[in-house]
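Subject: Handover of a structure

Dear colleague,

Please find below the structure that I am handing over to you. My notes on it follow directly after it.

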Amino acid sequence: MTSPEQSELSPSSVWPWVVMAVAGLVTFVAAMSVSPDAVQGQLSRIMYVHVPAAWLAYLAFGITMFGSAMYLWKKSLKWDRLAHSSAEIGVFFTGLAIALGMTWAKPTWGVWWTWDARLTLTAIMFFVYLGYLALRRTTDNLEVRAKRASILGVVAIIQVPLVHFSVVWWRSLHQAPTIIRPEGPDMDTSMVVTLLIAVASFTVMYVAMMIKRMELAHLEDEITIEEQSHQGPAAGDAVVAPDLAGGV
Amino acid sequence: MRRYARFVIPAVVIIGVLGFLMVNLSSSLVYYNTPAELQARDASDASLRLAGRVVPGSVVENEATVAFTVEDCDTTVSVVHVGAPPQLFQDGIMVVVGGTWDGEEFASSEMFVKHDEQYRTDAEDYDRTDHSCTDS
């Protein structure tokens, strides 16, 4: 069952894995070497993973919207693969941001979870994008799948500004933004620099993950096309409606 | 026309619902009250939340309770909390307490520390004064 395209499409390089490992290591070293926050102590180091994870969720869903819009415009499956790959990574990092946020909330706020605006909207965003991934499984027709997913991929982006500005628009237990605010960062420079290093590393990690995931998505599409082209007649094809004379 | 409608109608519906929620819920979906809002309320058994900065020096720990004053915008409220406060509870930190208001004192049964957006490596650099009012 070797297809001729296999060599051309086979996941090639090791370098995305190397990039991911290096980016993870850089984040770890940066987060562990900066002085901790005076009030929170060592707990404040969670920030250097929690914030980049949340940033990647926003970025990934933004790319999903871009890929979805491009698919609707150009009708090329490569844009759908971009949207799909990015959504999957976005869901992972949304889940990571929630899990890290909860482990951070328990010792600082005193509670794992509360239904404030930021937490509730983030949970909704997580489930809507899980729904996006589920929607992709409702058909194996690549064009239909891409179209359905693209519409949701465009519409769902509205949640990103909603989640981000929830702490400004509504009262919440989650604090307001520290870095991007009119008065400038309300954080010591050493911590700002560390956070920026972490965010940059995570962004590089995202690019490497996307390269790998897109390769995989391409292979998946090739296999689906291959399978569908070889499909013989279905068992039910032999059954035809009885031709009743004078029937309706 | 049909393709256009298929795309635009869901978008309009979703934006409409979200807009409705934002306009109508922002007044009722209030996570906490400020001290001034609480002072304006009548005593009631309904449970609600109050947020404010712990006035430095006001904390009195008893056997099973901790009493303190919170302030925001120069309005203060006395709070008696039953139970152990979260570990970051201290003078000058923002807290959200949940409980009931009898018109004089807030009886708290749950307390969250509302860490603010300041991050400092040196405790001296924290701004713990009640410099700003919680926006409404």
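In this predicted model, the axes of α3(A) and helix α6 (residues 142-155) of chain A come within 8 Å and cross at roughly 130°. Axes here are lines fitted to C-alpha atoms, for helices over the stretch in contact, and angles run from 0 to 180 degrees between N-to-C directions. Helices (H or I, at least four residues) and strands (E, at least two) are DSSP runs, numbered from the N terminus. The two helices α3(A) and α6(A) are therefore oblique to each other; angles under 35 degrees count as roughly parallel, over 145 as roughly antiparallel, 65 to 115 as roughly perpendicular and the rest as oblique. Their crossing is left-handed, a term used if the near helix is turned anticlockwise from the far one by less than a right angle, with right-handed used if clockwise.

On the α3(A) side, A:T64, A:M65, A:G67, A:S68, A:A69, A:Y71 and A:L72 meet A:A146, A:A149, A:S150, A:G153 and A:V154 of α6(A). Two residues are in contact if their C-beta atoms, placed from the backbone, lie within 7 Å. By class, this contact has 7 nonpolar, 5 polar and no charged residues (Ala, Val, Leu, Ile, Met, Phe, Trp, Tyr, Cys and Pro count as nonpolar, Asp, Glu, Lys and Arg as charged, and the others, Gly among them, as polar).

Helix α3 (residues 47-74) of chain A also meets helix α8 (residues 189-229) of chain A, where the axes come within 9 Å and cross at roughly 45°. The crossing of α3(A) with α8(A) is right-handed. Among the residues making this contact are A:W55 of α3(A) and A:F202 of α8(A). The contact of α3(A) with α8(A) comprises 13 nonpolar, 2 polar and no charged residues.

Turning to the two chains, 29 residues of chain B are in contact with 31 residues of chain A. The most on the chain B side comes from α1(B), with 7 residues. That side divides into 19 nonpolar, 5 polar and 5 charged residues.

As to confidence, the predictor gives the complex an ipTM of 0.76 and a pTM of 0.83.

Residues are numbered from 1 along each chain as its sequence is written, while chains are lettered from A and ligands numbered from 1 in the order in which they are written. Local features need pLDDT of at least 70, side-chain atom pairs count only at pLDDT 80 or more, and totals for chains, interfaces and linings use all residues.

Yours sincerely
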